[in-house]
Amino acid sequence: MAGSEQGRLMTLWYLARAAGVVTMIMFTLSAVLGMVMPGVRRPERRFWLQYVHRSAAVTGLVLLATHVVAVIADSYVDISPTVLVWPFGSGYRPFAMVIGALALYSLVLAAFVGAARGRLAVSESFAKHWRKLHIAASVGWLLSIGHALLAGTDRGTPWMLGITLGCLAAVATAGAYRLNNATPKTIRSWRTQ
């Protein structure tokens, strides 16, 4: 009986870790594709990049929910559902939980804005401010990197540092590509997002 309880706890721990890591990778993929898309001129390529961009974001959201549920369900760490509303009250690395909760809020906001874009495209006001609202995705991604560096039990291991630095390098490379291939008008609009 005790062995099965220990196995369940380990399963939750592995699920929480794996979901968190793959979430970060999916949001990185989505961010990279979002940054390089303006430089793609062929409509069919843009269509597929947009499809993969959105699919990676949705997959990231599903895995983020899995990560949160598994962490809360894991009785080994002192994280309750209230951490989603009041992350300072966490008994486990409160600052890292605050960063994680802010990342969650930002990414969910970006998802709602992204989902509403097509429906509200007829609104000139919404279309004008969409990019400014969508920047929440970038903020959420950056906060998730901070959360990974501060919260995870594997945060100091070479493989986790490699994944995190790889995600940072991928987004930095995509950002440099976008700036390098942007017209002056695009650069001005990107800076004002």
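**Close-up views of a predicted model**

The mean pLDDT of the protein is 84, and 86% of its residues reach 70 or more; pLDDT is the predictor's confidence in each residue, from 0 to 100. This is a predicted model, in which local features need pLDDT of at least 70 and side-chain atom pairs count only at pLDDT 80 or more, while totals for chains, interfaces and linings use all residues. Residues are numbered from 1 along each chain as its sequence is written, and side-chain values use heavy atoms, with hydrogens and water left out.

**View A. Confidence by element.** Helix α5 (residues 158-181) has the highest mean pLDDT among the elements, 93. Helix α6 (residues 184-191) has the lowest, 53. Helices are DSSP runs (H or I, at least four residues), numbered from the N terminus.

**View B. Arg17 and Asp154 form a salt bridge.** The structure holds two such pairs (a side-chain nitrogen of Lys or Arg within 4 Å of a carboxyl oxygen of Asp or Glu). Here the closest N and O atoms are 2.5 Å apart. The pair links distant parts of the chain, 137 residues apart: Arg17 lies in helix α1 (residues 2-36), Asp154 in the loop between α4 (124-151) and α5. Asp154 is buried at 13% relative accessibility (buried is under 20% relative accessible area, exposed over 50%, partly exposed in between; 1.4 Å probe, protein chains only). Arg17, at 23%, counts as partly exposed.

**View C. Arg42 meets Glu44 in a salt bridge.** The N to O distance is 2.8 Å. Arg42 is partly exposed at 45%. Glu44 is partly exposed at 41%.

**View D. Ser106 sits in helix α3 (residues 94-117).** Its relative accessibility is 13%, so Ser106 counts as buried. Leaving aside residues up to four places away in sequence, Ser106 touches Ala136, Ala137, Val139, Gly140 and Leu143 (contact: heavy atoms within 4.5 Å).

How values were computed: Helices (H or I, at least four residues) and strands (E, at least two) are DSSP runs, numbered from the N terminus.
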